[in-house]
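Visitor: I would like to learn how to read this fold, feature by feature. Could we start with the structure itself?

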Amino acid sequence: MLVDVASLSIAFPTPQGPLPAVREVSFALGAEKLGIVGESGSGKSLTARAILRLLPPNALLTAERLRFDGIDVLHAREAALRAIRGRGAGLILQDPKFSLNPVMTAGGQIAEAWAAHHKGTRRQARQAALDLLRQVQIRDPARVAAAYPHELSGGMGQRVMIAMMLAPGPRLLIADEPTSALDATVQAEILRLVQDLVSRRGMALILISHDLALVSHFCDRVLVMYAGRIVEELKAAELARARHPYTRGLLDCLPSLTHPRPRLPVMVSDPAWLA
Amino acid sequence: MIEIENLEVRFRDLHAVRGVSFAAPRGSSFGIVGESGSGKSTILRAYAGLITDWTGTMRLAGSPLARRRERAFFRRVQMVFQDPYGSLHPRQTVDRALSEPLLVHGIGEIEARVLRALAEVALPTSVRFRYPHQLSGGQRQRVAIARALMAEPEVLLLDEPTSALDVSVQAEVLNLLADLRERRRLTYVMVSHNLAVVAHLCDTIGVMLEGEMVEQITAADLRAGRAAHPHTAALRALSTELEEA
């Protein structure tokens with residue numbers, strides 16, 4: 001098992017006492033593609049970040065088990081965590097505009113990521129960066145390597161981000177809303193690229209999104225989160241057979257191009273979902 | 001109600017809008033879709049008077065719009081932006097945000113109108129003295145819509161009004177917009193990158209590509225797949241691909 005999580009809870013201190021954000025979440029992940037879906041505040045990003053222990057400093061993290069590749073993340077020291085972050089698992093964030101260093105060239109950033117986890121000369125690092133850019137299907141790697149983030153389009157920036165995350169050769173890729181800031185045509189390209197890289201390199205993938213249809217299209221298995229809990233787990237192919245009213249609600253309330261309705265059904269949340 | 005003919009907008013060396021024409025009769029909704037940088041929001045901003053450097057003809061209820069809009073224009077035409085967190089003043093209460101348009105336009109009965117506006121967008125009166133950060137995203141967008149309605153406009157310009165919202169909240173806001181249009185006989189021009197959202201609310205849709213409106217298509221034709229331009233067909237395919245998955 002690459003990731004093994006049991007009874008993971010995350011809370012934040014408030015003057016009124018700890019406010020739970022993730023409640024008793026358990027799941028395991030092998031070499032597969034797992035989707036985590038939920039609306040804002042459902043705890044989907046926190047759950048994935050807990051695997052790397054990348055949480056805000058005031059977060060209260062408890063778990064029965066939180067293991068990545070055999071390492072006890074819950075009790076690991078910073079040095080051990082640094083080995084997981086990057087080499088063990090790479091994290092792709094939503095908007096490359098905010099996650100790339102604006103005053104460093106794309107190639108320089110990828111080379112830096114490579115050099116942090118490999119022994120080699122600068123020349124080798126630069127060569128590795130060009131090779132990685134080619135792997136994310138950039139036609140003119142030399143030009144992109146020399147460009148600064150503001151000179152790249154959103155889709156190109158996200159490819160650079162992915163190349164950077166691939167540099168240390170991780171076993172798991174966590175993509176947190178990787179395409180929400182991109183146009184629909186670019187979105188499909190980027191997700192196909194991620195899917196292709198994941199299967200070619202035998203990596204595991206955790207894809208976090210608010211878009212249930214999108215996630216089920218690109219993953220094997222989907223966890224649906226609501227208010228910090230996993231309310232339903234589905235095989236992606238069986239999305240239509242979702243049983244939980246929240247999952248059904250998420251599917252129903254989308255306007256559809258092929259099945260128009262004069263009014264959209266509105267979700268009425270049931271306090272029982274919190275139980 | 002709204003007529004645009006041969007609209008051209010240039011930003012230095014960027015030709016952002018190239019000869020766009022369309023019309024939206026009273027009570028109808030015209031949707032504009034396209035990818036980022038296609039010029040869709042620029043059209044809306046030019047019509048709203050936020051961009052002054054344009055050529056062509058734009059009319060409101062038959063009368064041409066001057067480069068500098070008259071005060072009455074801003075009473076008749078209002079705009080709702082994508083992110084209500086960015087468009088509401090963070091240090092003003094909901095009450096202040098809603099009464100300001102009334103003061104600007106010299107409309108009386110402020111108290112009663114604010115309460116009526118809150119009821120109309122289905123917000124509880126308890127939010128009246130709260131600040132934007134104390135509201136949820138959906139509540140904030142309701143406040144932004146209520147504020148746009150305060151001066152009793154005839155036209156609402158909607159720039160990605162639901163893109164920053166969760167899907168369950170998006171459904172509520174789309175229903176609200178449909179109700180308001182019916183109740184007040186409003187005319188909408190709505191910009192979005194989401195084809196399904198635009199087709200849900202609008203009868204006619206203009207597709208933008210690199211500053212040009214390459215096709216105008218009815219929602220029914222779009223649903224049936226009768227697109228004439230390949231870009232429309234491509235956008236439709238991307239939208240239905242995921243739906244049918």
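Visitor: How are H7(A) and H8(A) oriented to each other, roughly parallel or oblique?

Guide: First, a caution: this is a predicted model. Now the general idea. Two packed helices are described by the angle between their axes and the distance between the axes. Here H7(A) and H8(A) pack at about 15°, with axes 10 Å apart. Angles under 35 degrees count as roughly parallel. H7(A) and H8(A) are therefore roughly parallel to each other. H7(A) passes H8(A) in a right-handed crossing.

Visitor: Which residues of H7(A) and H8(A) meet?

Guide: From H7(A), take A:Gly154, A:Gly155, A:Gln158, A:Ile162 and A:Leu166. They meet A:Val186, A:Glu189, A:Ile190, A:Val194 and A:Leu197 in H8(A). By class, this contact has six nonpolar, three polar and one charged residues.

Visitor: What does H7(A) lie across?

Guide: Helix H7 of chain A, residues 154-166, lies across S7 and S8 of chain A. H7(A) runs at about 165° to S7(A).

Visitor: Now the sheet. In what order do the six strands of chain A come?

Guide: Strands of a sheet pair through backbone hydrogen bonds, either parallel or antiparallel. In chain A the order is S7-S8-S9-S3-S10-S11, an open sheet with mixed pairing. Strands S7 (89-92) and S11 (229-235) of chain A stand at the edges. Each has a single partner strand, so one side of each is left without a neighbour in the sheet. From one strand to the next, the twist averages 15°.

Visitor: How do S8 and S9 of chain A run, parallel or antiparallel?

Guide: Strand S8 (172-176) and strand S9 (204-209) of chain A run parallel, joined by five bridges.

Visitor: On to chain B. How many helices and strands does chain B have?

Guide: Chain B has ten helices and ten strands. Its radius of gyration is 18 Å, close to the 18 Å that the globule rule gives for 245 residues, so chain B is as compact as a globular protein of that length. Along its principal axes, the C-alpha trace of chain B spans about 50 × 45 × 35 Å.

Visitor: How does H4(B) lie to H5(B), oblique or roughly parallel?

Guide: The axes of H4 (94-104) and H5 (110-120) of chain B come within 10 Å and cross at roughly 120°. H4(B) and H5(B) are therefore oblique to each other. H4(B) passes H5(B) in a right-handed crossing. H4(B) contributes B:Asp95, B:Leu98, B:Ser99 and B:Leu102 to the contact, and H5(B) contributes B:Ile110, B:Arg113, B:Val114 and B:Ala117. The classes are five nonpolar, one polar and two charged.

Visitor: At what angle do H4(B) and H6(B) cross?

Guide: The axes of H4(B) and H6 (137-149) of chain B come within 8 Å and cross at roughly 25°. That makes H4(B) roughly parallel to H6(B). The crossing is right-handed. B:Val94, B:Ala97, B:Leu98 and B:Pro101 in H4(B) meet B:Val143, B:Ala146 and B:Arg147 in H6(B). This contact has six nonpolar, no polar and one charged residues.

Visitor: Finally, how many residues does each chain give to the contact between chain A and chain B?

Guide: Chain A gives 25 residues and chain B gives 25 residues. On the chain A side, helices H8 (184-201), H9 (212-218) and H10 (245-252) each supply at least two residues. H9(A) provides the largest share, four residues. The chain A side divides into 14 nonpolar, eight polar and three charged residues.

Note on methods
Residues are numbered from 1 along each chain as its sequence is written. Chains are lettered from A and ligands numbered from 1 in the order in which they are written. This is a predicted model: local features need pLDDT of at least 70, side-chain atom pairs count only at pLDDT 80 or more; totals for chains, interfaces and linings use all residues. Two residues are in contact if their C-beta atoms, placed from the backbone, lie within 7 Å. Ala, Val, Leu, Ile, Met, Phe, Trp, Tyr, Cys and Pro count as nonpolar, Asp, Glu, Lys and Arg as charged, and the others, Gly among them, as polar. Two strands pair if DSSP finds at least two bridges between them. Axes are lines fitted to C-alpha atoms, for helices over the stretch in contact, and angles run from 0 to 180 degrees between N-to-C directions. Angles under 35 degrees count as roughly parallel, over 145 as roughly antiparallel, 65 to 115 as roughly perpendicular and the rest as oblique. A crossing is left-handed if the near helix is turned anticlockwise from the far one by less than a right angle, and right-handed if clockwise. The radius of gyration is taken over C-alpha atoms; the globule rule is 2.2 Å times the number of residues to the power 0.38.
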